[in-house]
Structure formats: structure tokens, C-alpha cells
Amino acid sequence: MPGKTDTEVIIGGKVYKLSGYESREYIQKVASYINNKISELEQMEGYSRMTLDNKALLLELNIADDYFKTKESADKTDRDIDNRDKEIYDLKHELITLQRKADETEKEVKQLKSKNKELLLQKSKLESALETALLGEVHSVKPVKDEPLETETQPEEKDHKSGNEKRTEE
């Protein structure tokens, strides 16, 4: 712990010698704050007619008011930080979960691509085998020569004079 610091400050127009474990700059900053508060109060109507006790009390109340407002603001900031920390934690957790799912999906996609490649190769082999089998059957079937094709219905003839169709019956 550093040693005590003695510092002379001016508060309300009077010189005071203050001692503390803080730096001289900090002690001067505190004295400046008090002087600013006194200046604010001196701007109030009726302040100059108040007793010294009432002036001191009003100064103390204003300093306490600043303290509690600042403390509330600091507490709110702490709560906001805690909420953001929780939100960051939740987002990191969600990111990790999504990354795992993405990794699993990527692995599944690779497996499906591999399976698809195998199936395409198998399909190609089957098509080739089918083509070979069909070509073999076509070559093994002997065509029938000079036999007319039979049909169940007879062709219709037109009567040249009337233009009406007439059927020939068997």
C-alpha cells in the first residue's frame, strides 16, 4: 500500500490540508467536484440567505443524490453487462450447436455423394448390360421373309361415283 499523500486544496474559498492514500491528482479532483457543487448551489435562489448548517446539509444531499444516481447507473450497466454476457454465452452455445449440425450435414452430404457415385456407376453398368442383352436378342431373332402382315380390319374402299366409303366384307 502506498504511503499517505498530503495535499493542500481550496474548497469554498478556504485552503485545507487533506491526507489520503490516493494520488494528489485524485484529491484535487475531489476538491474540484465539491467546488463545482458549491457553485451550482450558489446559483439557486435563496441559497445566500440560508444558514451555514442548511448550506452544508444541501451540499451533502446533492452529493448523496449524485452518488445514488451514479451508483444506480453503474448497477444498471453491470446488469446490462451480465445480460450481454449471458446473451453472448447463449449465442456461442447456439453457434457450437449449429457448427456441429453443419459438420454432420457436411459428412452426410459426402456420404450421399459417394453413394450417388456408386449408384450412377451401378446404373451405367446395368444400362450397358441391358443394351448388350437387348442387342444380343435383336441379333438372335431371325426376321420372317416375304410374309404379308395380317390385320383384323380390311381397308376401306371409296365409291368413286358417290365419294362414300364402302366396306368390303369377308
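Trainee: By class, what residues are in the lining of the largest pocket?

Mentor: Seven nonpolar, one polar and three charged. Nonpolar here means Ala, Val, Leu, Ile, Met, Phe, Trp, Tyr, Cys and Pro; charged means Asp, Glu, Lys and Arg; the others, Gly among them, are polar. One caution: this is a predicted model, where local features need pLDDT of at least 70 and side-chain atom pairs 80 or more, while totals for chains, interfaces and linings use all residues. Residues are numbered from 1 along each chain as its sequence is written, and side-chain values use heavy atoms, without hydrogens or water.

Trainee: Which elements each supply at least two of the lining residues?

Mentor: β2 (14–20), α1 (24–42) and α2 (52–140). The largest share comes from α2, with four residues. Helices (H or I, at least four residues) and strands (E, at least two) are DSSP runs, numbered from the N terminus.

Trainee: Zooming out, how many helices and strands does the protein chain have?

Mentor: Two helices and four strands. Read along the sequence, the pattern is β-β-α-α-β-β.

Trainee: And what share of the protein chain is buried?

Mentor: Of its 170 residues, 9% count as buried. Buried is under 20% relative accessible area, exposed over 50%, partly exposed in between (1.4 Å probe, protein chains only).

Trainee: Back to α1. Which of its residues are buried?

Mentor: Six names to find in the structure: Ile27, Ala31, Ile34, Lys37, Ile38 and Leu41. Seen down the axis of α1, these buried residues fall within an arc of 115°, so they line one face of the helix. That arc is taken from the directions from the helix axis to the C-beta atoms.

Trainee: What's on the other side of α1?

Mentor: Glu25 and Lys29 are there, and they are exposed.

Trainee: Why does Lys37 count as buried?

Mentor: Its relative accessibility is 7%, so Lys37 counts as buried. Lys37 is found in helix α1.

Trainee: How far apart are Lys37 and Leu59?

Mentor: In sequence, Lys37 and Leu59 are 22 residues apart. In space, C-alpha to C-alpha, they are 7.0 Å apart.
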